[in-house]
Amino acid sequence: MESMSRIEPERTRLRDRMVGGLRAEDHGTRLRLAGWVHRRRDLGGLVFVDLRDRSGLVQVSFGPDWTEPASLALAHDLGHEDVILVEGTVERRPDGARNREIATGEIEVRAVRLERLSDAATPAIPVYRTAEDALPAEELRLQHRVLDLRREDLQRNLILRHKLVLAARNYFDGLGFLEVETPILTKATPEGARDYLVPSRVHKGEFYALPQSPQLYKQILMVSGFDRYFQIARCFRDEDLRADRQPEFTQIDVEASFVEPDDILGWMEGLVVALSSVAGIDCGRPFPRISWAESMERYGSDRPDLRFTLEISDWTAATADLEFGIIRSQVAAGGRVRGLWLEGGARLSRKEIESIEAEAKAAGAPGLLWAKRSAEGLSGTLGKFLSPAQADAMGLGVGDLVVAAAGPDKVTSPALAAARMAAARALGLQPVREHAWLWVTEFPVFVEEDGVLAAAHHPFVMPHKDDVGLLESSPLAVRGTAYDLVYNGTEFGSGSIRIHQPELQRRVFRVLGLQDEEIDTKFGFLLGALAAGAPPHGGIALGLDRIVQRFTGSGSLRDVIAFPKTTAARALFEGAPAPVGQSELEALGLEVTSRKRGS
């Protein structure tokens, strides 16, 4: 048996090296290499094959002067994606034959012997593409994911994902965190989305739930004295999908005891520095912090993109004397007039302004008001009502544009947030920074949805100490010790300090409309654990899929997950979900009362 000291990272019984690391200094080395036929060029007497493995490409040449006759004959017969083993010698290419576009372009391998290990069927989608070739349709690529995953960009994404996970594990280990696995089959608890349910064969009529997060278990670990926990956690939510959402996803999940927000935020900034260094992303510390209320006021969003300096202004006072029915009625009903001052924006055409308005309408606004100022005067749906003094009060100078919305903040904030980014694109604004990191803090504990109170994050967020007395009287005014990490306008993760007193936790459940019997049924195990003596604790979860997506510049989460689902929550490669047979249903005590047509 070989000793461990003789094991080389890339060597196996079938190959000596992976191809991507071969360089000019390997000239004259005899090697065995194995991989896939990426491309074959048959010149009659000579055959050139681009041999591919995970590490890259290398050119292999076959010719009558150096290749065994049987191997040369086989080289003429190779097809795309055949799996081959070659034995040959690394040679420097002549100056005029070097390929500057690949790392191994200074050398080639002159093959003496060739063996075909697998004969590949004609690929349903191409793996080899030129720069001009468009990708096949995404659904087709997902159906043939085994081929799609051979593409260089997807392999590069998944390799980076691995390196980020490794960096996270090493970082937390260095801080004394313990990686603890929590259950996948668990109990259904309301966390803001629908659970995936798993029927029990042993206990017919009863169901497990797949976890939306390890939230309750990691809190119980803190009560159990583990002090610092992390997990690369698989989570599941049965909700509508978007490009940035999948039914199963991965979190970098963290919890610690005897902490305040500054502890968690400091640790996570350190983690982000570690991850960013792996990805080659700039990450200066400390990250700026603003409260949720300030973020909504200045940017209209709780995940603002701070690469751009545009901020929302309040023009309610500046427009108070306008004889404009829309503004008067909205302000009389308790709304405000808010908007964006766009320096030099008067150059935008009416069509470009309408494209900004369309973004605001898509975010829920009935429309936008706008005003331009030129040397000739004021124009626009708002401009024709403004006096020069009112325009001055709004900061509207010659050559500038303002866009505004009138109404309640819950309508105007998201509309102006969308208009802000649309205006930045229309004006061609250059980012003031490439990587904008931000903490948004003090989120509300509760929100109102269709007249009913709901938890803004989840019901375990510790209320701000100054607001605990408002729980029953003014719940919507209660701030939480909650925080989100935002990168370039994308939420990377959410966290909070948790409630560690069982009676306070019960009060929050009651505010949410739960009766004591329901509380005990759904959360009795948590309250019992807290009653055993719980330390102050808190944590956060960062979305690993989203981090990899943004760090790689991928357009979809599906490009950074090995086997993703479609927007219809279907796995096209393996064909899931799928019907099961009657015998399996009977074993689980289930009966399907209806199926969609065609299923």
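This is a predicted model: local features need pLDDT of at least 70, side-chain atom pairs count only at pLDDT 80 or more; totals for chains, interfaces and linings use all residues.
How many residues apart in helix 7 are Arg-298 and Glu-294, and what separates them? Select the two and you will find them four residues apart in helix 7 (residues 292-299), separated by about one helical turn; helices here are DSSP runs of H or I with at least four residues, strands are E runs of at least two, and both are numbered from the N terminus.

Residues are numbered from 1 along each chain as its sequence is written, and side-chain values use heavy atoms, with hydrogens and water left out.

**Salt bridges**

The structure holds 54 salt bridges. Select next Arg-116 and Asp-77, whose side chains meet at 2.9 Å, N to O; Arg-116 lies in strand 5 (residues 107-118) and Asp-77 in helix 1, so the pair ties together parts that are 39 residues apart in sequence. Arg-116 is partly exposed at 24% relative accessibility, and Asp-77 is partly exposed at 49%, where buried means under 20% relative accessible area, exposed over 50%, and partly exposed in between (1.4 Å probe, protein chains only).

Then select Arg-141, Arg-145, Asp-148, Arg-151 and Asp-153 together, which are linked in a network of salt bridges.

**Loops and backbone**

In the loop between helix 6 (261-279) and strand 11 (289-291), select Pro-286, which is joined to Arg-285 by a cis peptide bond with omega near -5°.

**The loop between helix 14 and helix 15**

Pro-577 is found in this loop, and a cis peptide bond with omega about 0° joins Ala-576 to Pro-577. Ala-569 is also placed in the loop between helix 14 and helix 15; Ala-569 has a positive phi of about 60° although it is not a glycine, and is partly exposed, with a relative accessible area of 26%.

Finish at Phe-563, in the loop between helix 14 (544-552) and helix 15 (582-588), which is partly exposed at 44% relative accessible area.

Note on methods:
A salt bridge is a side-chain nitrogen of Lys or Arg within 4 Å of a carboxyl oxygen of Asp or Glu.
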